[in-house]
Amino acid sequence: MEHELLFLGTCAADFSPRLRGDCRDRFDPDARRSSSALLDGRYLIDCGPHTPEALAIAGADAGAVTDLFLTHTHADHFDPANIEALASRTENGLRLWVSEDAVLPDMKGVTVTRMAKFVPYAVTEELTVTGLKANHDKNAAPQWLLFTVGDKKILYALDGAWYVNETYYFLRNAGLDLLVADATVGDYDGDYRIAEHNSIPMLRLLLPSLRTFGIVGEGTKVFLSHLAPSLHRSHAETEIIAASFGALVARDGLRVTF
């Protein structure tokens, strides 16, 4: 059975002013929205300031969303007002899956499940999620999300730099079908974000090691996301750069089947 991941937003926190102008009602690869994705039409990953409008532009049924998985509580990924609004459109409310240490406000219509790291949780009969340690601001309760849906494995690895030791060894020989990797910083050296976000040079080093360790293989689709436009070249130029080390570049509105 095929599954689909829809990229609703692929930006870091430096949003383009064009989102309030000529890109208000459409996707553009160089005017990215807050990072968010939709798995199989019902499982939402992150809900930031632009997620509702992205769902509408994509023609996705917001009322069909049953579960929201949160990578962390930074404002570009976590908008409580938008989450409440989304919950109000669903028949039975919304289940929110977060790291066990997340600090959350009360949100009407939202049922919270707190996840311990490296413990698999059965969401439905076909979907399991596991939260993994991520190298990011600990005050934002970060976690990478490992999904097993049917016989497929997806790692949604935003935000975070490199791989935490425990996470790296937990994923050994995972043979991911799809990897969404943080690529906040562009193709240059010397950026200060090395301890919280990846740069293109870091990813150029990482991917061969992930292949050696069996985390990704020949059939793995690797997509770069969470790109800061102020730190990158154009989408088209970044696609060429990423292709040189075996990766693809996500864009808002992109649908990936696996």
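A: In this predicted model, seven strands form an open sheet of mixed pairing, in the order 7-8-9-10-11-12-13. Strands (E, at least two residues) and helices (H or I, at least four) are DSSP runs numbered from the N terminus, and two strands pair if DSSP finds at least two bridges between them. Strand 7 (120–122) and strand 13 (248–249) are the edges, each pairing on one side only. Strand 9 (residues 144–149) and strand 10 (residues 152–157) run antiparallel and are joined by five bridges; threonine 148 has lysine 153 in strand 10 as its bridge partner. Helix 4 (residues 200–212) packs on the sheet, in contact (heavy atoms within 4.5 Å) with strand 11 (178–182) and strand 12 (221–225). The direction of helix 4 makes about 150° with that of strand 11, using lines fitted to C-alpha atoms, for helices over the stretch in contact, with angles from 0 to 180 degrees between N-to-C directions.

A nonpolar core here is a set of buried Ala, Val, Leu, Ile, Met, Phe, Trp, Tyr and Cys residues joined through side-chain atoms within 4.5 Å; buried means under 20% relative accessible area (1.4 Å probe, protein chains only). The largest such core has 31 residues, of which Leu155, Tyr163, Leu179, Leu224 and Phe245 touch the most other members. Helix 4 gives the most to this core, five residues. Tyrosine 163 touches Trp144, Leu155, Tyr168, Leu171, Leu179, Leu206 and Leu210, leaving aside residues up to four places away in sequence. A second, separate core of 26 residues includes Trp97, Leu145, Phe147 and Val180.

Residues are numbered from 1 along each chain as its sequence is written, and side-chain values use heavy atoms, without hydrogens and water. Local features need pLDDT of at least 70 and side-chain atom pairs count only at pLDDT 80 or more, while totals for chains, interfaces and linings use all residues.

Methods. Buried means under 20% relative accessible area, exposed over 50%, partly exposed in between (1.4 Å probe, protein chains only).
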